[in-house]
Protein chains: 2
Amino acid sequence: LAWTDALLEFWFEFASTYSYPVAMGLEERVASAGIEVKWKPFLLGPLFAKQGWTDSPFNLYPAKGAYMWRDLERICHDANLEWRRPSRFPQSGLLAARIAYANEAEEWVASFVRAIFVANFAREQDISDPSIVMECVSPFVSDPRAILDGAQLPATKDGLRARTADAENLGIFGSPSFVVEGELFWGGDRLEQAIRRATRHVD
Amino acid sequence: LAWTDALLEFWFEFASTYSYPVAMGLEERVASAGIEVKWKPFLLGPLFAKQGWTDSPFNLYPAKGAYMWRDLERICHDANLEWRRPSRFPQSGLLAARIAYANEAEEWVASFVRAIFVANFAREQDISDPSIVMECVSPFVSDPRAILDGAQLPATKDGLRARTADAENLGIFGSPSFVVEGELFWGGDRLEQAIRRATRHVD
């Protein structure tokens with residue numbers, strides 16, 4: 001059986017609006033396709049900074065930003081997803097990304113990722129606030145304080161930095177991105193293509 | 001019968017890579033949905049310039065550009081469309097846009113638009129060269145020279161400038177864009193959404 005060969009990497013940044021609907025529906029979507037997902041948190045800020053952007057392009061380019069907010073509203077409506085435009089954008093997803101990175105082999109990581117995205121884009125909560133992050137991780141672990149402490153370990157910080165360098169080396173420049181056998185797909189509307197690619201050796 | 005109410009505007013710039021596959025498949029796609037298309041050529045350059053870009057963002061941001069070329073190759077492959085990466089990008093579509101604008105009520109305009117896109121993205125021809133543009137318009141009119149002369153009329157030039165201002169006022173910032181009842185959709189992957197919007201009052 002070749003099922004285990006079908007692998008899709010989901011590269012995401014917690015501040016990313018378009019990553020929210022993808023994160024919410026991804027597990028269900030790939031399960032029906034028989035694909036394994038690797039959740040790959042990374043930081044978009046450093047990659048944007050290298051392009052000369054010190055803010056989200058959606059803030060830097062107002063017409064594009066206005067469209068994005070409307071587009072996202074439509075996407076969430078079509079997907080029956082709660083959606084509330086956050087009053088502060090972008091938020092810092094650094095702490096959440098460190099936790100997701102340090103625990104990405106854990107079964108609960110996908111649930112944690114979704115909880116953070118919901119906090120950011122459905123509940124208007126501050127995802128840089130450790131108490132909010134604690135609430136998001138608490139349902140899944142016995143010692144949430146230890147998880148937050150683990151986020152501050154040098155190995156975690158260095159690891160997430162290396163992960164972000166990996167993203168750049170893969171040619172990633174935005175979130176959500178999907179990587180299948182080194183092939184890059186950018187944007188939620190490329191998920192189906194990425195899935196086709198991941199499964200074509202499976203059929 | 002409400003069929004005549006279903007109207008979709010296709011806003012496009014001839015230099016735009018992602019507009020090529022859309023232009024090629026649009027008529028067939030909307031015909032099966034019972035929708036009327038208005039072809040709306042405009043110029044993206046002046047809108048980019050207002051954002052501080054003096055070149056295509058695909059050139060300004062190399063990672064994004066590298067991805068776009070690969071993505072477009074995949075899209076054209078999936079759509080069975082000829083595709084050759086042009087050695088010069090972006091090309092000036094000004095002359096072609098003026099002709100499309102001045103003749104947008106003519107039945108042949110869609111065929112002309114496709115011919116220019118094919119010249120740019122399948123044949124590596126110079127679409128700013130009047131002789132190439134002449135070849136693209138010749139199959140459809142008895143006096144192609146008159147069509148090229150018409151492109152230089154002040155009314156045509158002013159009209160295309162006003163069209164570009166209209167694009168900006170609609171919130172357009174890229175090509176391809178679709179507008180249905182004032183609602184903006186950006187990117188070929190939003191065509192289905194735009195079609196659903198155009199047809200929901202038709203059902």
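**Fold of chain A in a predicted model**

Chain A holds ten helices and four strands, where helices (H or I, at least four residues) and strands (E, at least two) are DSSP runs numbered from the N terminus. This is a predicted model, in which local features need pLDDT of at least 70 and side-chain atom pairs count only at pLDDT 80 or more, whereas totals for chains, interfaces and linings use all residues. Residues are numbered from 1 along each chain as its sequence is written, and side-chain values use heavy atoms, with hydrogens and water left out.

Q: Which strands stand at the edges of the sheet in chain A?
A: The four strands form an open sheet with mixed pairing in the order E2-E1-E3-E4, two strands being paired if DSSP finds at least two bridges between them. One side of each edge strand is left without a neighbour in the sheet, because each has a single partner strand; these strands of chain A are E2 (36-41) and E4 (183-186).

Q: What radius of gyration does chain A have?
A: The radius is taken over C-alpha atoms, and the globule rule is 2.2 Å times the number of residues to the power 0.38. With 203 residues, a compact globule would therefore have a value near 17 Å, and chain A agrees with this at 16 Å.

Q: What percentage of the residues in chain A is buried?
A: Buried means under 20% relative accessible area, exposed over 50%, and partly exposed in between (1.4 Å probe, protein chains only). Of the 203 residues in chain A, the buried ones make up 55%.

Note on methods
Chains lettered and ligands numbered in written order.
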